[in-house]
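Welcome! Please take a look at the entry shown here, and then we can walk through a few of its features together.

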Amino acid sequence: MQPQQDAMHVIRIFARYMGQYFKTRFAYRTDFLSDLFSNLVSEMMNLVFILVVFQHVPFMNGWSRDEIIFIYGFFLVPYALYSMFFDFWDFNERYIIRGEMDRILTRPIHNLAQIVLESLSPDRIFGVITGLLIMGYAAVRLDLEIAWYDPLVFLVLAVSATLIYGGVYTAVAAISFFSDSKTGISPMIYNIQQYGRYPVDVYNHVIRFVLTYILPFAFVGVYPAAYFLRKETWYTYAALTPVMGVIFFSLGVLIWNWGVKKYRGAGS
Amino acid sequence: MAKLYLELIRMRFLSMLAYRVNYYSGVVIYGINIGAYYFLWGAIYGENGELGGLTVAQMTAYVAIAWMSRAFYFNNIDREIAEDVREGKVAIEMIRPYNYLAVKTVQAFGEGIFRLLFFAAPGIFLISLLIPFRFPATLNNWGLYLCSLVLAFLINTQINLLTGLLTFFLFRNDGIIWAKRVIVDLFSGLVLPISFFPGWAQTAMGFLPFQAINYYPSLIFTGAISSGRSWELIGLQVIWVLILLVPITLLWKRARNRLVVQGG
């Protein structure tokens with residue numbers, strides 16, 4: 001097949017899967033609504049933490065309340081986008097332990113694409129909206145100047161940050177190809193990810209190094225958000241976000257492909 | 001009957017010992033969380049000597065003990081119940097000669113004891129070497145704390161039972177389970193002592209059972225309150241345990257009548 005046709009092919013399959021997805025979701029409407037509601041609740045809880053803390057102090061290491069809220073709002077956008085496409089949380093159980101991976105390998109499109117299709121959750125778009133609203137609120141309060149090209153910059157930064165998440169979690173999921181037992185590593189990464197919501201200069205330099213170069217979650221929150229907050233000290237890091245996105249996503253896919261080659265099948 | 005439940009506690013304890021990877025990753029996760037809040041609170045306090053009635057040293061001690069208490073009371077039985085319902089295993093469980101909910105509770109207890117002995121106890125000892133930390137001064141205070149901790153476990157487990165039972169009515173409730181976990185973490189005082197919340201919020205939370213899960217035992221541990229007040233808090237916890245029994249009994253009764261096993 002021509003590469004162009006190939007891409008069209010994947011897009012068409014993508015649309016089909018979306019259709020199916022909405023059919024299954026609307027079959028269980030209460031479940032659909034309760035999922036939306038619970039996502040919103042979890043997103044609000046972190047906001048409550050920020051609001052309550054800043055009732056007691058005006059600044060946190062030089063960052064104001066609204067700046068922290070802005071960073072959190074920004075963080076929510078790539079976080080929601082990532083969980084829309086790369087929700088590999090139960091990959092080990094769903095595909096390796098149950099032997100479903102063997103089925104995936106017989107499918108005509110790339111195995112990672114197939115798995116992304118099967119775990120799509122378009123309803124996470126509401127997470128993007130929540131993030132945008134929170135950012136908007138903070139931006140108005142901070143009276144941020146918005147240049148005409150800023151929406152474009154935002155798009156690039158948000159997509160890059162999503163690629164970082166996608167890459168890291170693809171690599172984490174790929175670990176299942178090498179060890180067929182549960183590793184407990186994704187909850188671990190998930191918890192580390194929580195650090196990315198706050199300015200990294202709060203932490204000591206070891207944690208800062210890890211969040212910048214090893215598990216670059218700072219590029220999902222504070223670094224790109226710092227550009228819009230006009231914190232010039234962090235501009236270099238903000239500009240590095242797309243580079244990190246490409247590097248980490250490529251790394252994730254490389255590790256994945258290597259894992260698939262090693263995969264021997266574990267199911268019954 | 002008591003012997004059966006003791007055996008169940010022992011078995012869960014042993015199976016926790018067997019799944020060592022979970023144990024190690026659990027240690028790391030608690031380390032990550034305590035570390036995160038340690039730095040966050042450091043930054044929040046900055047130059048401030050005292051916030052919400054706590055000094056920065058008291059706050060770090062509070063964070064540490066709150067997470068260690070969580071190690072004991074935390075469990076995933078809501079998720080286990082949801083899985084049992086979805087896979088149809090619950091039908092078998094229901095015809096067995098024991099109370100399904102009691103079984104889940106004692107299993108959670110076995111898990112809690114495991115984490116208390118192998119995780120929270122050495123953890124808190126390690127932390128006490130790293131940060132300024134004060135243990136309860138008297139044996140009496142230790143007793144009060146442990147009493148309160150067991151009640152905290154009961155209340156949290158009851159809330160998990162309730163969340164788990166919802167599966168009978170909703171079929172899939174992963175979302176609610178997750179939201180409940182976040183709500184409990186915030187409103188129990190794990191990430192923020194209740195005294196930090198504005199007055200109206202504190203009043204509202206007085207009508208909810210969540211602070212009995214973490215805030216009360218943590219307060220008792222820090223010795224910030226008199227033993228008379230400690231007894232009061234323990235009394236409140238007992239009341240919550242009794243109150244929560246009502247919706248559980250009602251839901252369980254209804255759940256048994258309308259069990260739909262999906263392809264079980």
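Is A255(B) buried or exposed? Keep that in mind as we go, and remember that this is a predicted model.

A255(B) sits in helix α12 of chain B, which covers residues 227-257. A residue counts as buried when 20 or more other C-beta atoms lie within 10 Å of its own. A255(B) has 21 such atoms within 10 Å, so A255(B) is buried.

Setting aside neighbours within four places in sequence, A255(B) is in contact with L165(B) and F168(B). As for R12(B), its C-alpha is 26 Å from that of A255(B), and the two residues are 243 apart in sequence.

## Helices α4(B) and α6(B)

Now to a helix pair in chain B. The axes of α4 (residues 77-87) and α6 (residues 100-130) come within 10 Å and cross at roughly 140°. The two helices are therefore oblique to each other, and α4(B) passes α6(B) in a right-handed crossing.

On the α4(B) side, I77(B), E80(B) and I81(B) take part, meeting K104(B), Q107(B) and A108(B) of α6(B). Sorted by class, this contact has 3 nonpolar, 1 polar and 2 charged residues.

## Where chain B touches chain A

In the contact between the chains, 32 residues of chain B meet 34 residues of chain A. On the chain B side, α2 (20-45) and α9 (174-187) each supply at least two residues. The largest share, 12 residues, comes from α2(B). By class, the side of chain B that touches chain A has 23 nonpolar, 8 polar and 1 charged residues.

Key. Residues are numbered from 1 along each chain as its sequence is written. Chains are lettered from A and ligands numbered from 1 in the order in which they are written. This is a predicted model: local features need pLDDT of at least 70, side-chain atom pairs count only at pLDDT 80 or more; totals for chains, interfaces and linings use all residues. Axes are lines fitted to C-alpha atoms, for helices over the stretch in contact, and angles run from 0 to 180 degrees between N-to-C directions. Helices (H or I, at least four residues) and strands (E, at least two) are DSSP runs, numbered from the N terminus. Angles under 35 degrees count as roughly parallel, over 145 as roughly antiparallel, 65 to 115 as roughly perpendicular and the rest as oblique. A crossing is left-handed if the near helix is turned anticlockwise from the far one by less than a right angle, and right-handed if clockwise. Two residues are in contact if their C-beta atoms, placed from the backbone, lie within 7 Å. Ala, Val, Leu, Ile, Met, Phe, Trp, Tyr, Cys and Pro count as nonpolar, Asp, Glu, Lys and Arg as charged, and the others, Gly among them, as polar. A residue is buried if 20 or more other C-beta atoms lie within 10 Å of its own, exposed if 12 or fewer, and partly exposed in between; C-beta atoms are placed from the backbone.
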